[in-house]
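Good morning, and thank you for coming. Please look at the sequence and the structure as I bring them up.

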Amino acid sequence: MNDYYAVLDVPRDADEAAIKKAYRKLAMRYHPDRNGGEKEAEARFKEVTEAYEVLRDPEKRRIYDRYGEAGLRGRAGRAQGFHPFDLSEALNVFMRDFGGFAGFEELFGGGRRATAAERRGNDLRAAVALALTDVAGGARKTLRYKVLVPCETCGGSGAKAGTRPTGCGQCGGTGQVRRAQRSVFGQFVSVSPCPACGGEGRVIAETCAICRGDGRTRIDRTVNVDVPPGVSSENYITLRGQGHAGPRGGPAGDLVVMLEVEDDPRFVRHGDDLAYELPISFSQAALGVEVTVPTPYGDERLKVSPGTQSDSILRLKGRGLPHLGSASKGDLHVRISVWTPERLTPESERLFRELALHEGEPPAGGAGRSFWNRMKEALGA
Ligand SMILES: [Zn+2]
Ligand SMILES: [Zn+2]
C-alpha cells in the first residue's frame, strides 16, 4: 500500500501547485534519461508518477483520501485494469504535463533527439599548454586534431553518389510516430522516433561507399587558437562549429579548448599578481644594490636601498599579469630574502669578527606580524 503523499513528500493538504512542483522535481531526478535506464530509478520514476497522477486529479484524490488505493481500484474496476504504471505510461504523463520532446530536451540539456531535424555533431575537447609568458602577452596556439567532416563523395547525405535520400514513407518525413494509448487515466498520445528512419524523416536506398551512409569522414584539422592575455587554467575557449560534423548533414559541434597554464618555477601566482623571491647578501642588504629580476615581460633592473631588511617586499607595479578582458595589470611583488653564508673562509670570518665589533644591536624581538600576513596584505588577499 503506497502512501502517495509520502512518495511525493508533500503534506496531506498540499495544493495542486505544490503537488506539481514536488512531482516535477522528483521526476527530473529519477527520469530514465538521466539515470541511464537504471532499474531502481525507473521504479522510483513510475512510483512518483503514479502518485502524482492520482493526487493532481481532485476526484481521484478524494477517493484515495477516503478509501486508499483499493478505492481507486474498485472505482476503476478490473475491466479498466488499474495497475501500477508501466514506464511508457509514466513517461507519457511526464511529457503531457511538462512538455513534449522539444521541451523535454531543453529540460535535460540535450541528450535526446528533438525532432526530425538533423543531429548535431559531438563537441570535441582539446587542451593547450600555456607558459606564464603566454598569459602575460596572449598567444596564438596551433592545434591539430582528428575530426569528422561532411563526406565529399556524397556531400554529407550518406546516399550513394548520384542518388539522394528520400522522404520516409512510414512517418511521412516527420521522423516521429504517434501512438494513442488508453489507460485508466485517459488517453495519451505517445510520440517516439520513427523506427524506419531512426527519427531523421529520410531514408537512404543505397549508401555511399566512402562513408557507409554516415555522411562523414575523418580528417586531420589544424586550427589556430588565439588566447587572450590574463587567462588561467579555469578558462576555456569554445570554437563554434569546429567539433564533429553531424551525421548526414547535421550541424557541427564545437571544439572546447581547455587552457592549462604551466607552473613557472620563478613565480607564485595570486590572480593577476605575481610573487618572486630575491636572495641578497648581508652586505648588499646593508649597502644597497641594483639587481636584475625576471618579469613575464623580460628582465628588469631593481634598486634595493641600503638598510633593507629580510622579508621586505618591493613592488614592481604593472609587472604582474593582465586582468582578463581589461587593460589593467597586476603587480610583481619581490620578496627580499637576506642570505646568510653557510661557510666562511678564514678571511671572511676575520672580517665578520671585525664587523661584529662595529655593528649595532638588532631591535628587540617580539610578536611581530608573520611574513605570510604581510605577504597577504601586499597581495591584497
Ligand atoms: Zn559519403
Ligand atoms: Zn520515418
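I shall speak about confidence and then about a metal site.

This is a predicted model, in which local features need pLDDT of at least 70, side-chain atom pairs count only at pLDDT 80 or more, and totals for chains, interfaces and linings use all residues. Residues are numbered from 1 along each chain as its sequence is written, chains are lettered from A and ligands numbered from 1 in the order written, and side-chain values use heavy atoms, without hydrogens and water.

The pLDDT, the predictor's confidence in each residue from 0 to 100, averages 84 over the protein, and 87% of the residues score at least 70. Over residues 100-116 the pLDDT is below 50. Where pLDDT is low, the predicted coordinates should not be read in detail.

Which residues hold the zinc ion (ligand 2) as protein donors? They are Cys 168, Cys 171, Cys 194 and Cys 197, each through SG, at 2.2 to 2.4 Å. Donors are N, O and S atoms within 2.8 Å of the metal (3.2 Å for Na, K and Ca); water is not among the atoms, so sites may look incomplete. The donor residues follow the spacing C-x2-C-x22-C-x2-C. Cys 168 lies in the loop between β3 (166-167) and β4 (176-183), and Cys 194 in the loop between β5 (186-193) and β6 (202-203), so the pair ties together parts 26 residues apart in sequence.

Buried or exposed, where does Cys 194 stand? Cys 194 is buried, with a relative accessible area of 1%, and Cys 168 is buried at 4%; buried means under 20%, exposed over 50%, and partly exposed in between (1.4 Å probe, protein chains only).

Note on methods. Helix = DSSP H or I, 4+ residues; strand = E, 2+ residues; numbered from the N terminus. Contact = heavy atoms within 4.5 Å.
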